[in-house]
Amino acid sequence: MAVPRPGGRRRTTLVLLVLTAITLLTLDLRGFGPLESMQEATRSVLNPLRDGAGSAFDPVADAWNGVTDYDDLERENATLRAQLEELQGLSIAETAALSELEALNRELDLDFLGDGDRVIARVVGGSTGNFSPFTVEIDKGSSSGLAEGQPVITEAGLVGQLVQVSRSRSVVQLINDPEFTAAVRLSGSRDVGIGRGNGEDQRTFIVDQGIAIETEVTVGEAATTAGGRSRFPAGVPVGLVSSIAAADNQLERRVIITLGADVDNLEFVSVITVAPSESAEGEAPPEPSGTDTTLALPTTTDVAAGGAP
Amino acid sequence: MSRMRLTLVAVGAVVLQTSIFTLFRFDGVAPELPILLAALAGYAAGAERGAWFGFGIGLLYDVLLPSPLGLAALTCAVVAWLVGVLTSGLMHPTWWTATVFGASMTALGVGLFAVAGEVFGQRYVSLDLLRIMAFVGLLSLILAPAASWLMRWCYGQDPNARTASG
């Protein structure tokens, strides 16, 4: 009688496991519903344990980061001081501008960012692995009305979108992820372009599609989300134009936007729970150019980037 | 008893990895405890049993990672199997062979995860990968003795000795 060789059995096991893993990968990438439900159920069991463990070790982790990131903290401190001085100078002018914008919003009925449309969440962790540096976890999930695809903002502007939602936690894909794309509107020309995150540089966003080479763009002009058919509501600030060049195809402009929100140091964020289609109700799709009146800034001031709600 | 211990260790390790270890990063790199434990399961229990444990802990890890489901399971199973096969012929295993195998194969596992992710449409392979692998390997060197002890305890072996059963 033939006796099975141990080596053969070992290989069979490996082949079986590899095939199972590949099947799971394929199903997951195709968005197989039952698999999503099972994952969500497992996360619901594990997340309370993670919350407990994370809270217990938070002070120790802060001390560790204080030691290992001391140089970064010093640099960041200096930058923040400079920004604070600059902001103090601008605050009076901004107050006046905001009043005007709020009046405009009321007139145009564009106040989609009312308190009822937002859920404030605390950032409870960075990326869970070594290969997803452009994600953070927040402490709110489907039980608070969150769903995948919803935009995440701070008072300083767009931060990202929800890509994974479980009962009590969600994962946010940050705006600086090279895979993140959004339609943005430039405040000067009113032109709409498609931008993406610039992973190399945490604070910039690259718009290299949709802005024609002849369009006049000035350094310092504001960029907001375009709305319309985009999954993000119109008028959420993205940042300020910091440099302009020609795109690779020489037909369009490559506009670098310095992000308003500091995605590296998030503490509290707001999730816009109203569906983009609802928020954009009655709004025409973004036009490549011409007149448009969808400039709207967040009108509530309950959240500050990196601050308490 | 062994299964209960393995389940307990797998759940504990994944919770630890995704809540605490992500906070204690060294130059932005976090240790990879699930892959390390999978490697040491292969070392302690051999290729076949190690691969099953690796698949299980990897799958649990997958649920909490933003990467596609199955990627960590694939990585951990292959790493455990490789360690089991490579070390099955060791005549005089010592504590440091477990540490060295565990750490180096964990670093290799990180590379495998990135390459497999690339095959499935993720952008994980970059010049930074080598740095991540190196740091994960170094961090694993520190964790490996304790992790090795834990895996021998799981498989009901004398924690101070190693029996190759691969």
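Helices (H or I, at least four residues) and strands (E, at least two) are DSSP runs, numbered from the N terminus. With that in hand, let's look around this predicted model.

**Strands in chain A**

Start with A:Ala183, which sits in strand β6 (residues 181-186) of chain A. Its relative accessibility is 12%, and because buried means under 20%, A:Ala183 counts as buried. In sequence, A:Ala183 and A:Thr225 are 42 residues apart, yet their C-alpha atoms are 5.9 Å apart in space.

Strand β11 (residues 253-259) of chain A holds A:Thr258. This residue is partly exposed, at 31% relative accessible area. Between the C-alpha atoms of A:Thr258 and A:Leu240 there are 5.4 Å, and along the chain the two are 18 residues apart.

**Salt bridges**

| Pair | Closest N to O distance |
|---|---|
| A:Glu179 and B:Arg123 | 3.0 Å |
| B:Arg131 and B:Asp27 | 3.1 Å |

Buried or exposed? A:Arg50 is buried at 1% relative accessibility, and A:Glu137 is buried at 7%. Both also belong to a network of salt bridges that includes A:Asp51 and A:Arg169.

Now for A:Glu179 and B:Arg123, which form a salt bridge too. A:Glu179 lies in the loop between β5 (170-174) and β6 of chain A, and B:Arg123 in the loop between α5 (95-119) and α6 (128-154) of chain B, so this pair joins two chains. A:Glu179 is partly exposed at 45%, while B:Arg123 is exposed at 64%.

In chain B, B:Arg131 forms a salt bridge with B:Asp27. B:Arg131 is in helix α6 and B:Asp27 in the loop between α1 (2-21) and α2 of chain B, 104 residues apart. Both are partly exposed: B:Arg131 has a relative accessible area of 28%, and B:Asp27 has 48%.

**Helices and a surface patch**

In chain B, the axes of helix α2 (residues 33-45) and helix α3 (residues 47-64) come within 7 Å and cross at roughly 165°. That makes the two helices roughly antiparallel, because angles over 145 degrees count that way. The crossing of α2(B) and α3(B) is right-handed.

Back in chain A, A:Val15 lies in helix α1 (residues 6-29) and is partly exposed, at 47% relative accessibility. Together with A:Leu19 and A:Ile22, A:Val15 forms a nonpolar patch on the surface, with about 250 Å² of accessible area.

Conventions:
Residues are numbered from 1 along each chain as its sequence is written. Chains are lettered from A and ligands numbered from 1 in the order in which they are written. This is a predicted model: local features need pLDDT of at least 70, side-chain atom pairs count only at pLDDT 80 or more; totals for chains, interfaces and linings use all residues. Side-chain values use heavy atoms; hydrogens and water are left out. Patches are made of residues with over 30% relative accessible area and no salt bridge: like charges are joined within 9 Å, nonpolar side chains (Val, Leu, Ile, Met, Phe, Trp, Tyr) within 5 Å. Accessible areas come from the Shrake-Rupley method with a 1.4 Å probe; for residues, only the protein chains shown count as cover. A salt bridge is a side-chain nitrogen of Lys or Arg within 4 Å of a carboxyl oxygen of Asp or Glu. Buried means under 20% relative accessible area, exposed over 50%, partly exposed in between (1.4 Å probe, protein chains only). Axes are lines fitted to C-alpha atoms, for helices over the stretch in contact, and angles run from 0 to 180 degrees between N-to-C directions. Angles under 35 degrees count as roughly parallel, over 145 as roughly antiparallel, 65 to 115 as roughly perpendicular and the rest as oblique. A crossing is left-handed if the near helix is turned anticlockwise from the far one by less than a right angle, and right-handed if clockwise.
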